[in-house]
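Hi,

Here is the structure I promised to pass on.

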Amino acid sequence: MKPPSNDSAKPQSFRLGRRLFLAATGCAPVASLLAADPPRPITQASVPDDPAAPKEQVGTVPSSSPFDEPLTFTRKDLTPRVKPFSLTQVRLLPGPFLSAQEANRALLRRYDTDRLLHTFRINAGLPSSAKPLGGWEKPDVELRGHFIGHYLSGCALMYAATGDQELKSKADYLVAELGKCQDRLGGGYLSAFPLSLFDRLKARQRVWAPFYTYHKILAGMLDAHQLCGNQAALRIAQRMADWVDHWTAALMPEQMQMVLDEEFGGMNEVLYNLAAITSSPRYASVGDRFTKKRFFNPLALRRDQLRGIHTNTHIPQVMGAARRYELTSDMRFHDVADAFWRQVVDTRTYVSGGTSNNEGWLTEPNHLAQELSLRQETNECCCAYNMMKLARALYGWSGDPRIFDYYERNLYNHRLGTIDLTNGHTQYFLTLGAGSWRTFGTEEDSFWCCSGTGVEEFSKLADSIYFHDDNSVYVNLFIPSELDWKERGVRIKQTTGFPAEPRTTLEIITESSLQFALKLRIPSWVTGPAGISINGKASEVSADAGSYLVVHRSWRRGDRVELSLPMGLHVEAMPDDPSLQAFLYGPVVLASRLDTAKLPDSLVVGFQAPDLKKQPSPETSPLRAEHADVRRWSRASKNALDFKIPAAGGRTFVPFHSIGPGERYSIYWKVV
Ligand SMILES: [Zn+2]
């Protein structure tokens with residue numbers, strides 16, 4: 001997220017100059033013409049890339065501006081098609097996702113809670129001798145306190161995902177101490193900065209997003225309540241919301257709309273959540289005051305007016321719209337969420353699954369090559385995090401497995417790889433320019449928006465592998481894990497080496513035989529019919545790509561289902577420049593690891609994006625068409641997704657997520 005001015009806390013890397021995209025390669029004759037997997041046609045860069053994906057206009061398409069009228073909140077819950085399992089019901093088993101979770105868990109454990117509390121205590125006039133944090137949490141930075149909200153959520157999610165008592169204790173201590181700060185401040189207000197920032201917001205003076213930070217703390221309190229069972233956290237959240245009610249009620253509607261021009265996170269969503277938890281519609285009415293009409297009206301009319309706006313200011317607002325729809329069945333809010341989703345995913349998403357450049361949408365839809373040529377700071381990580389949360393909500397409404405093509409694309413290319421497994425530190429921008437490298441935050445001096453969502457996202461990697469309805473389990477992701485469907489008395493253990501292996505195995509563990517349907521997602525990227533065997537015997541059941549393969553039977557203890565998912569190399573071209581191409585194997589984006597020395601930490605650590613001006617791309621030649629022909633590529637080894645290109649100087653492509661800190665890579669190639 002952007003500070004309101006040339007804030008000194010923002011590292012130099014944020015102010016990278018405009019540069020032209022440089023395509024890259026090196027070509028030299030080599031051997032090996034082993035046959036690779038069957039080729040797939042080149043598709044455009046938006047995902048999901050399934051041409052059969054529904055494009056029809058769903059819901060109401062009003063002729064006027066539907067959010068110009070005053071809103072009335074009337075509870076009428078949506079009945080979801082599929083429901084998520086609680087995080088407490090799924091455990092990750094050894095594999096890359098468990099490694100990422102554990103790196104984050106160790107980071108969460110290392111933070112000293114008294115240091116996290118320091119600015120809150122000072123602001124409340126309470127003593128604190130703790131050493132202040134740096135970066136965006138420095139005592140003179142206006143966003144201070146935001147990370148503590150994320151941290152509370154991260155601890156609560158990790159406790160649910162692992163049962164880690166130490167992190168629950170840290171969350172409980174933070175809630176208790178923040179409660180003391182709230183008592184001292186009076187009136188329900190709770191923040192690490194004084195009320196004068198809100199006075200400046202009201203007066204339309206320059207200020208850095210006070211409601212953004214307030215939202216993080218409120219959301220952290222609700223997570224501590226819901227996932228750790230902390231009752232005090234709910235009382236604190238209600239008092240915080242009471243203060244918001246008081247502050248916003250004093251503004252005229254037009255004045256409130258002007259307040260909403262400053263980033264305010266998901267204030268609408270968290271207030272709707274509080275209304276649902278407490279069955280108090282008053283909080284939802286306060287949430288309605290955070291309806292930014294200028295943004296929602298064109299979405300309800302399904303017009304793309306995203307060019308020029310700040311990406312992560314707006315995604316959380318749409319999550320609020322999604323939640324409002326779930327609580328009221330009001331189609332206006334459905335249409336906002338649905339239209340936004342389609343606009344971003346279909347026309348503004350890079351091959352990695354991420355969106356945004358320099359934190360905004362810089363071009364008209366389907367001009368991704370042009371956008372990439374403007375700036376290097378693509379794919380802000382917190383945007384991917386929030387878009388995945390939105391995807392999860394939309395999936396619950398429809399049960400459409402193609403939404404998981406998008407989710408999975410992000411998971412393998414934008415979650416794996418953006419956390420440093422040695423220390424749990426995370427990235428800000430996932431840069432796609434030629435010759436890029438990954439940069440990571442520090443433990444003491446970053447605390448960026450993406451550091452905050454980072455500690456949340458790597459605590460909840462288990463949250464979307466399985467869903468259910470009354471009589472079915474949906475297996476959406478192929479990740480080693482164990483599900484405990486307590487309500488039905490059955491456990492399902494998934495073992496897999498996916499994506500290095502194109503298959504997964506599910507073992508049913510139940511005391512007595514039990515009837516239910518197992519619905520296995522068949523991704524849109526499969527290159528042939530998915531095969532299934534039950535207890536070693538091939539089954540006739542089949543399903544199309546982008547649907548579910550359904551096995552309905554009476555399951556017995558020890559039943560084993562093996563699902564094979566034919567995978568292959570394929571190419572995705574930019575929608576506005578078919579010669580600019582990226583390569584994938586199934587959902588995995590492949591990167592060419594450039595033959596350069598590993599860059600020192602002085603160019604990697606503490607930067608939001610690589611400074612390609614200081615270290616220009618070492619390779620600038622295009623890739624010759626015959627080298628970009630994936631039918632000629634060969635797999636370097638059976639157990640790894642490394643591919644060699646014959647006659648191209650031994651160039652190899654490897655999974656993007658396997659590129660480590662300091663290694664240089666290219667994703668998009670100019671093909672001639
Ligand atoms: Zn961010």
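This is a predicted model: local features need pLDDT of at least 70, side-chain atom pairs count only at pLDDT 80 or more; totals for chains, interfaces and linings use all residues.

The zinc site

The zinc ion takes its protein donors from Glu380 (OE), Cys382 (SG), Cys449 (SG) and Cys450 (SG), at 2.2 to 2.3 Å. The angles among the 4 donor atoms run from 89 to 122 degrees, and the site is tetrahedral. For four tetrahedral donors the ideal would be 109.5 degrees. If you want to find the donors in the sequence, look for the spacing E-x1-C-x66-C-C. Glu380 and Cys382 are both buried.

Helix packing

Helix α17 covers residues 449-457, and its axis comes within 7 Å of that of helix α3 (residues 146-162), with a crossing angle of roughly 15 degrees. The two helices are therefore roughly parallel to each other, and their crossing is left-handed. On the α3 side the contact is made by His146, Phe147, His150, Tyr151, Ser153, Gly154 and Leu157, while α17 contributes Cys449, Ser451, Gly452, Thr453, Val455 and Glu456.

The other pair I looked at is α4 (residues 165-185) with α6 (residues 210-228), whose axes come within 11 Å and cross at roughly 135 degrees. That angle makes α4 oblique to α6. This crossing is left-handed too. Lys168, Ala171, Asp172, Val175 and Leu178 of α4 make the contact with Met221, Ala224 and Cys228 of α6.

Two buried residues

Leu108 sits in helix α1 (residues 96-110) and counts as buried, at 0% relative accessibility. Setting aside neighbours within four places in sequence, Leu108 is in contact with Tyr151, Gly154, Cys155, Met158, Leu167, Lys170, Val455 and Ser459. Among these, Tyr151, Gly154 and Val455 also take part in the α3–α17 contact. Glu663 is 555 residues from Leu108 along the chain, and their C-alpha atoms are 26 Å apart.

Thr431 lies in a loop, the one between α16 (403-415) and β4 (436-437). Is Thr431 buried or exposed? With a relative accessible area of 0%, Thr431 is buried. Not counting residues up to four places away in sequence, Thr431 touches Gln376, Thr378, Ser436, Ala609, Pro610, Phe656 and Tyr665.

That's what I have so far.

Cheers

How values were computed
Residues are numbered from 1 along each chain as its sequence is written. Side-chain values use heavy atoms; hydrogens and water are left out. Donors are N, O and S atoms within 2.8 Å of the metal (3.2 Å for Na, K and Ca); water is not among the atoms, so sites may look incomplete. Four donors count as tetrahedral if all angles lie between 85 and 135 degrees; four count as square planar and six as octahedral if opposite donors are over 155 degrees apart and all others between 65 and 115; anything else is irregular. Buried means under 20% relative accessible area, exposed over 50%, partly exposed in between (1.4 Å probe, protein chains only). Axes are lines fitted to C-alpha atoms, for helices over the stretch in contact, and angles run from 0 to 180 degrees between N-to-C directions. Helices (H or I, at least four residues) and strands (E, at least two) are DSSP runs, numbered from the N terminus. Angles under 35 degrees count as roughly parallel, over 145 as roughly antiparallel, 65 to 115 as roughly perpendicular and the rest as oblique. A crossing is left-handed if the near helix is turned anticlockwise from the far one by less than a right angle, and right-handed if clockwise. Contact means heavy atoms within 4.5 Å.
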